[in-house]
Amino acid sequence: MKPNILIVMVDQLNGTLFPDGPAEWLHAPNLKALAKRATRFANAYTASPLCAPGRASYMSGQLPSMTRVYDNAAEFASDIPTYAHHLRRAGYFTCLSGKMHFVGPDQMHGFEERLTTDIYPADFGWTPDYRKPGERIDWWYHNMGSVTGAGVAEITNQMEYDDEVAHFAKMKIYDLARGKDDRPWCLTVSFTHPHDPYVARKKFWDMYEDCEHLDPVVPAMPYEDHDNHAKRIFDANDWRSFDITDEDIRRSRRAYFANISYLDEKIGVLLQTLEDTRQEAVVVFVSDHGDMLGERGLWFKMCFYEGSARVPMMIALPGGQGGSVKAPVSNIDVCPTLCDLAGVDMSEVMPWTEGESLVPLLTGGTRVSPVAMEYAAEASYSPLVALRQGQWKYTNCALDPEQLFDLEADPHELTNLAEAPEHAAVLERFRQMAAERWDLERFDAEVRQSQARRWVVYEALRQGGYYPWDFQPLQKASERYMRNHMDLNDVEENQRFPRGE
């Protein structure tokens with residue numbers, strides 16, 4: 001029997017806060033309860049540390065160089081199968097409540113139903129331009145106002161969105177219990193928190209009044225001490241226009257932690273609703289990428305440092321006993337894992353899929369293959385790539401010196417070993433693995449071609465009549481509650497769970 005699947009996705013959640021489930025000091029009782037019965041992946045990574053490319057890769061099991069979703073305004077092609085396609089093809093009902101940052105006219109990508117619109121635009125307006133290195137596109141680039149403006153609010157744009165995402169997801173779990181559809185289901189609930197801006201409701205803000213983790217472990221460094229890509233991120237974030245104080249940093253981190261608790265409460269409602277309606281499901285908890293949270297002076301994402309690239313990931317099977325996996329994995333492994341758990345054959349597309357099933361790791365197996373990451377969006381002037389294998393992380397970009405970090409000895413990535421003679425053999429091994437995987441010159445040319453095409457299309461489509469691609473949720477009011485083509489007795493009976501005697 002194919003299992004039901006509940007996927008809870010969050011946005012920009014730093015995986016270092018989940019060393020083996022939520023850190024002890026986080027106020028996250030529901031996620032901690034889930035962790036006890038889940039397999040916890042302590043070293044899970046994104047395929048790309050930015051929303052749209054990371055999510056397209058997560059859904060398809062392919063890196064951005066394959067999906068061509070290089071940035072937050074690159075189209076996710078309709079002919080790329082996602083886990084929603086694979087499961088739906090195998091007889092599943094597939095549904096999405098919340099964000100997935102699909103760009104392009106296809107706003108479903110295998111989902112049979114979407115319950116909400118997205119929080120971000122679906123067009124090409126956020127396209128970076130490698131032809132203009134150093135240009136800031138002020139109306140959509142991140143800036144440090146998210147840090148200087150951190151604090152408390154009872155409603156924000158993002159809270160309004162996530163409140164809606166949670167409500168519709170809970171209602172769908174109730175509806176699935178009514179038994180009108182005998183297919184197994186896969187419900188994806190995707191929140192936008194704890195993504196900046198760093199603003200939280202007072203209820204959750206107050207939980208961290210005495211938190212001992214409001215200061216970064218690695219304080220801000222002088223601009224000139226950063227690597228080249230970090231400098232590009234600082235410039236893209238317009239850091240010179242802001243005076244960031246220690247109090248700004250503490251307030252931002254406090255609000256971020258508070259929003260983890262905000263999410264935990266919503267996740268608890270979903271899991272309780274699942275239990276109350278006597279439904280069993282595989283539960284997957286994952287993020288698209290992380291957030292640097294002021295470590296080294298960096299914020300947001302867009303780099304391969306641990307805070308940005310590492311994500312929490314947990315998989316709980318019905319009746320599972322839990323466990324911990326230390327081997328590096330990727331959130332693009334979710335797609336083949338779901339298919340494996342559901343008995344769905346992906347063989348027709350596996351030659352082009354980077355992700356690997358995690359099912360063997362759920363039962364004590366091992367994994368030695370490297371985890372690959374790519375970044376080719378804002379703050380980059382040419383694509384960056386990275387490999388994580390064992391204790392090592394290797395990064396490369398045609399414009400920058402290579403980096404090699406020993407994460408066991410140097411978890412905060414403060415010492416680049418790429419020029420250390422004693423590690424020359426390790427460096428050469430990673431160089432060879434990277435050369436077999438990537439042609440950086442070709443990768444750069446493909447990104448540039450994509451950007452140039454999209455700028456032409458976007459500027460053309462904004463002239464004259466404009467038809468947006470944004471998903472428009474529709475409700476069939478004539479099929480809701482009680483209408484005169486229905487039998488009231490049937491309505492009252494069929495909408496009740498459990499049924500009356």
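**Entry 1. Terms and model**

I take buried to mean under 20% relative accessible area, exposed over 50%, and partly exposed in between, with a 1.4 Å probe and protein chains only. By that cut-off I looked up leucine 34, which at 3% relative accessibility counts as buried. The model is predicted, so I note that local features need pLDDT of at least 70, that side-chain atom pairs count only at pLDDT 80 or more, and that totals for chains, interfaces and linings use all residues. Residues are numbered from 1 along each chain as its sequence is written, and side-chain values use heavy atoms, with hydrogens and water left out.

**Entry 2. The chain as a whole**

I counted secondary structure as DSSP runs numbered from the N terminus, with helices being H or I of at least four residues and strands being E of at least two. The chain comes to 15 helices and 17 strands. Its radius of gyration is 22 Å, close to the 23 Å of the globule rule for 501 residues, so the chain is as compact as a globular protein of that length. The radius is taken over C-alpha atoms, and the rule is 2.2 Å times the number of residues to the power 0.38.

Along the principal axes, the C-alpha atoms fill a box of roughly 75 × 60 × 50 Å. I find that 58% of the 501 residues count as buried. For contact I require heavy atoms within 4.5 Å. Among contacts between residues at least 6 apart in sequence, 74% join residues at least 24 apart.

**Entry 3. Nonpolar cores**

I define a nonpolar core as a set of buried Ala, Val, Leu, Ile, Met, Phe, Trp, Tyr and Cys residues joined through side-chain atoms within 4.5 Å. Which residues of the largest core touch the most other members? Of its 89 residues, they are Leu6, Phe191, Tyr198, Phe257 and Phe285. Helix 9 (residues 246-276) gives the most to this core, with twelve residues.

I then listed the partners of leucine 6, leaving aside neighbours within four places in sequence. They are Trp185, Leu187, Val189, Leu271, Leu274, Ala281, Val282, Val283 and Val284. A second, separate core has 43 residues, including Ile80, Met313, Met346 and Leu361. In soluble globular proteins, nonpolar side chains tend to be buried together.

**Entry 4. Helix 2**

I checked helix 2 (residues 51-60) for burial: ten of its ten residues are buried, so the helix is largely enclosed by the rest of the structure. Among these buried residues are Cys51, Pro53, Arg55, Tyr58 and Met59. What do the buried residues of helix 2 pack against? I find strand 1 (5-11), helix 3 (64-67), helix 4 (83-89), strand 7 (185-194), strand 9 (282-287) and helix 11 (334-341). Glycine 61 follows helix 2 and has a positive phi, near 80°.

Methionine 9 is in strand 1 and counts as buried at 0% relative accessibility. I noted its C-alpha at 5.0 Å from that of valine 286, although 277 residues separate methionine 9 and valine 286 in sequence. Leaving aside neighbours within four places, the contacts of methionine 9 include Arg55 and Tyr58, both listed among the buried residues of helix 2. Phe191, Val286 and Asp288 are also among the contacts of methionine 9.

Leucine 34 is in helix 1 (residues 29-36). Not counting residues up to four places away, leucine 34 touches Val283, Phe285, Met314 and Ala316. I also looked up cysteine 303, 269 residues from leucine 34 along the chain, and the two C-alpha atoms are separated by 29 Å.

**Entry 5. Backbone exceptions**

Most residues other than glycine have a negative phi, and most peptide bonds are trans. I recorded a cis bond from aspartate 196 to proline 197, with omega near 10°. Proline 197 lies in the loop between strand 7 and strand 8 (199-200). A cis bond also joins phenylalanine 497 and proline 498, with omega about -10°, and proline 498 lies in the segment after helix 15 (488-494).

Arginine 68, not a glycine, has a positive phi of about 70°. Arginine 68 sits in the loop between helix 3 and helix 4 and, at 41% relative accessibility, counts as partly exposed. Tyrosine 481 has a positive phi of about 55°, though it is not a glycine. Is tyrosine 481 buried or exposed? I find tyrosine 481 exposed, with a relative accessible area of 62%, in the loop between helix 14 (440-461) and helix 15.
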